[in-house]
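Subject: Structure handover

Hello,

Here is the structure for your files. My notes follow below it.

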Amino acid sequence: MKILLADYQYDLPDERIARYPLEPRDSSKLLIYQEGNILHKYFYDLTDYLPSDSFLVFNDTKVIPARVFFQKTTGAVIEIFLLHPEEPTRIINDAMQQTESCVWSCMIGNKKRWKENEVLSLQFMVANVPYQFEAEWVDIEQNWVKFRWLPTFHSSFLSPSFAEVIRTLGEIPLPPYLNRKAEIKDLESYQTVYSKIEGAVAAPTAGLHFTENVFQKMSQKGIEHAFVTLHVGAGTFQPVKVLNAIEHPMHAEQVVFTRKLLEKLQQNLGKIIAVGTTSVRALESLYWYGVRLLQGENSFWIEQLSPYQTATVPNAAASLEAVLSYMKAHDLKELVGETEILIFPGYEFKLCKGLITNYHQPNSTLMLLVAAFVGPDWRKIYDEALSNEYRFLSYGDSSLLFGGNLSA
């Protein structure tokens, strides 16, 4: 199996990268693609071009201030970038609620200056109580770091959650291609208006264009929506550096589904529009989990190439029914899984009929996903966007794409 990255390249001039978002959010441009035809509108026009029976699925993850900086007495600065919790739980939502200590896998900036037995520390305040925040190695090879936070004197106050600690100490991790430092306004502008569940290190940026005004228009047209949670990982920024894209190592991202969402998906098969590539990845991973259940397995860890290694597959309705039956049998209101799914041209989409998304980097897996969704016309879409001065990447303009290969 070979997907040559060179076949999915385009030239992106630096001046077309949007360094800041537009205000208001829904004033961005919107390219609409359907069956080879392209229209140019604005995002506040979105609902005029959505079928009235559309069912939109949003990713309600919330970006955490995942970059924490420690300055040593020598003057050296160590950057710790949170990736994924490891202990006492790998479930991100639970890890964010830990008090006193937790262990995360991280990326470490200036790692060679942080000795194996050395404890890094910072001071911070919560509710006028001073605390000390400490970081020490658990596994220097795997970059596992243990964090502890305790008041500097005896206090009757409950210890703050890890979420509260990093909100106080951390910095929002903007995409590296913005080539600028995070600013105060990014704390708001780099979150969707519906962000809720803390745990992502990158925003699901297709959702940044939505405003209360757009949601109101959707409601007036009778368009329903629901939420999935996929905690976007730092791997989303990792460029593909291999000639054959399927050899690119994908990082697992945690996804959370509710039983209520599963029931809504069942009712709206053939009408589902994913808001963002993260929602696509979550929904398509859910389908493959249902396939696993039907095959007698129950591991919700979707490896990057597993969708391409199954000869015969059930339809979407059978897969969703398998997942719902499993949740009911085990009295589960929520389902937590991990996915590395790699979607590239040739993939048949099982749940997603439409996609709302921004314009993605060359040499990225997201570029491959868009090419899989619309076929060879991806190049026509990107040429149109460049010719019409669309703004690109996270803070850039948007598109509404209707795919032509939704499987039965």
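E100 sits in the loop between α1 and β7 (101–109). Helices here are DSSP runs of H or I with at least four residues, strands are runs of E with at least two, and both are numbered from the N terminus. Before going on, note that this is a predicted model, in which local features need pLDDT of at least 70, side-chain atom pairs count only at pLDDT 80 or more, and totals for chains, interfaces and linings use all residues. Residues are numbered from 1 along each chain as its sequence is written, and side-chain values use heavy atoms, with hydrogens and water left out.

E100 is not a glycine, yet its phi is positive, at about 85°. Its relative accessibility is 44%, so E100 counts as partly exposed. The cut-offs are under 20% relative accessible area for buried, over 50% for exposed, and partly exposed in between, with a 1.4 Å probe and protein chains only.

N179 also has a positive phi, of about 55°, and is not a glycine either. This residue lies in the loop between α2 (162–169) and α3 (186–189). N179 is exposed, at 66% relative accessible area.

There are cis peptide bonds to check too. One joins E23 and P24, with omega about -5°. P24 belongs to the segment before β1 (29–34). Another joins E87 and P88, with omega about 0°. P88 is in the loop between β6 (77–87) and α1.

**The sheet**

An open sheet is built from 10 strands, with mixed pairing. The order is β2-β1-β18-β17-β14-β3-β12-β13-β16-β15. Two strands pair if DSSP finds at least two bridges between them. β2 (37–42) and β15 (301–302) are the edge strands; each has a single partner, so one side of each is left without a neighbour in the sheet.

Take β3 (residues 55–59) as an inside view. This strand pairs with β12 in the parallel sense over five bridges. F55 is bridged to E224 of β12, and V57 to A226 of β12. Strand β14 (residues 272–275) also runs parallel to β3, joined by three bridges. There, the bridge partner of F55 is I272.

Is β3 mostly covered or exposed? Five of its five residues are buried. F55, V57 and N59 are on one side, L56 and F58 on the other, and both faces are covered.

**Cores**

In soluble globular proteins, nonpolar side chains tend to be buried together. A nonpolar core here is a set of buried Ala, Val, Leu, Ile, Met, Phe, Trp, Tyr and Cys residues joined through side-chain atoms within 4.5 Å. The largest one has 85 residues. F257, L265, L283, I381, Y382 and F392 have the most contacts inside it. Helix α6 (residues 277–294) gives the most to this core, with nine residues.

What does L283 touch? Not counting residues up to four places away in sequence, L283 touches V57, F257, L265, I272, A274, L351 and C352. Contact means heavy atoms within 4.5 Å.

**Second largest pocket**

A pocket is an open set of points on a 1 Å grid over the protein atoms alone, where a 1.4 Å probe fits, with protein on both sides within 12 Å along at least five of seven lines; lining residues have an atom within 4 Å of a point. Grid points are joined across faces, edges and corners, and the volume is the space filled by probe spheres set on the points.

The second largest pocket has a volume of about 370 Å³. Its lining has 19 residues, and D60, F227, T229, T258 and E334 lie nearest its centre. The elements giving two or more residues to this lining are α1 (92–96), β12 (224–230), β13 (253–258), α5 (259–267) and β16 (334–339). β12 gives the most, with five residues.

The lining divides into nine nonpolar, four polar and six charged residues. Ala, Val, Leu, Ile, Met, Phe, Trp, Tyr, Cys and Pro count as nonpolar, Asp, Glu, Lys and Arg as charged, and the others, Gly among them, as polar.

Best regards
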